[in-house]
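User: Could you take a close look at one part of this model for me? I would like to understand how the two chains meet.

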Amino acid sequence: MNTNSTESPAGVDEVFMEDLYGNETELRHPWWYNFKYLAVGLLFGIVFVKAEIISWFRIQEMFRLQSFHMFGVIGTAVVVGMISVWLIKRFNVKTIHGEPIHFHPKVFNKGQVIGGLIFGFGWPMTGACPGPLFAQIGTGALVIIVVLLSAIAGTWVYGYFREKLPH
Amino acid sequence: MMEILRQPWSWYLAGGLIGLIVPALLLLGNKHFGISANLRHVCAACFPGKVQFFQYDWKKEQWNLFFVAGILLGGIIAAQLLTDPQPVVVHPALVKELQGYGIIDRSDLLPAEIFSWKALFTVRGFIMLVGGGFLVGFGTRYAGGCTSGHAIMGLSDLQVPSLIATVSFMAGGFIMANLLLPLILRL
């Protein structure tokens, strides 16, 4: 697929932009409008803890095929998400502020494989992907702040060497 | 009602609620579910240096920082009000395997033999916490997303690159958990 993406400025731009698509709104809202996202995150955090998704043991079981739990969680989430996205597209659903909802096709690059494997190595070590790290800290496991800082350091190092890495 | 909330929740309830985050964020303001991007926003806000990857207006992305602040608060609420006093139920084969590494504490969601300040200053603890965290941060950004951005948001939008990323996450996890982790946990 995209063999010359390392040379192509377009490919690099794609990597640069990929997670800056989060904010699509043209509307200017006061900062405290962001509390609606805090509310969604709060619910998410409770689910993380109560369904033991932040449990190191559940992640070990998942990768040893000893439990269906995590596969069930992720699988159900994907199915519900798929149906939701399909409905939004099918009926041209707008945001609560009346804006059309945008989607961004992702472009393949080698980072999804190489970076994906690297993240995969880290996942059973910490027992957490980035979201659960925050919930683990919330439950009082303050030593996870070290894991989070290390993850931020890892992100920074990636940013520093990004142009030298295969994409 | 509180009794039900205190017990561990089922996979279908949890999965359904997590899936609903995708439309919730889209409907509330055209936001795409993706948590690891916050690690980048922290870099951009606190120590961008001269790195081009961190030169952007992170304040436009602050909704996502509110979102993870919510996750943290949710963790506090769940731990304070909704804790289950029972020890974590773990597959017997895993219990036996972990005993071999001296990991026996199952009173919490994270085993204290690895996830404690004391363990952090052992070789094993340092590799697991600092090494593991680094791989998560480096790998998710290199892959352009994590379980939320690729596996849930990306697959919900039927994105082939997200499927490739998700398969890679799982492959990496299986390799680490079955081949490498036994060596690390023996340290």
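How many residues of chain B are in contact with chain A, and how many of chain A with chain B?

Analyst: Happy to walk you through it. This is a predicted model, and in it 133 residues of chain B are in contact with 123 residues of chain A. The area buried between chain B and chain A is about 11200 Å², and carbon and sulfur atoms give 75% of that. Asn30(B), Leu109(B) and Tyr142(B) supply 8% of the area that chain B buries against chain A, more than any other three residues.

Before the details, a word on confidence. The predictor gives the complex an ipTM of 0.96 and a pTM of 0.93. Chain B averages a pLDDT of 95, and 100% of its residues score at least 70. Among the elements of chain B, the lowest mean pLDDT, 80, belongs to helix H1 (residues 2–6), while helix H7 (residues 123–143) of chain B has the highest, 98.

Chain B has 9 helices and 0 strands, and its C-alpha atoms fill a box of roughly 50 × 45 × 30 Å along the principal axes. Of the 187 residues in chain B, 55% are buried. Among contacts in chain B with a separation of 6 or more, 47% are between residues 24 or more positions apart.

Now to the polar side of the interface. Between chain B and chain A there are 29 residue pairs in polar contact, with both residues at pLDDT 80 or more. H9(B) gives the most to the side of chain B that touches chain A, with 18 residues. By class, that side of chain B has 84 nonpolar, 37 polar and 12 charged residues.

The count of salt bridges between chain B and chain A is 2. One of these pairs is Arg64(A) with Glu97(B), whose closest N and O atoms are 2.8 Å apart. In another, Lys89(A) pairs with Asp157(B), the closest N and O atoms being 2.5 Å apart. Lys89(A) lies in helix H4 (residues 69–90) of chain A, and Asp157(B) in the loop between helix H8 (147–156) and helix H9 (160–185) of chain B, so this pair joins two chains. As background, side chains of opposite charge can pair when their charged atoms come close.

To set those bridges in context, the count over all chains comes to 5 salt bridges. Among the others, Glu52(A) and Arg58(A) meet through their side chains at 2.8 Å, N to O. Both partners count as buried, Glu52(A) at 11% relative accessibility and Arg58(A) at 8%. Arg162(A) forms a salt bridge with Glu163(A), with 3.4 Å between the closest N and O atoms. Here Arg162(A) counts as buried, at 3% relative accessibility, but Glu163(A) is exposed, with a relative accessible area of 58%. Salt bridges that share partners also join Glu52(A), Arg58(A) and Glu61(A) into one network.

How values were computed
Residues numbered from 1 in each chain as written. Chains lettered and ligands numbered in written order. Heavy atoms only, no water. Salt bridge = Lys/Arg side-chain N within 4 Å of Asp/Glu carboxyl O. Buried < 20%, exposed > 50% of the residue type's maximum accessible area, 1.4 Å probe, protein only. Helix = DSSP H or I, 4+ residues; strand = E, 2+ residues; numbered from the N terminus. pLDDT = per-residue confidence, 0-100. Contact = heavy atoms within 4.5 Å. Buried area = accessible area lost by both parts, 1.4 Å probe. Polar contact = N/O pair within 3.5 Å; in protein donor to acceptor, adjacent residues only side chain to side chain. Nonpolar A, V, L, I, M, F, W, Y, C, P; charged D, E, K, R; others polar.
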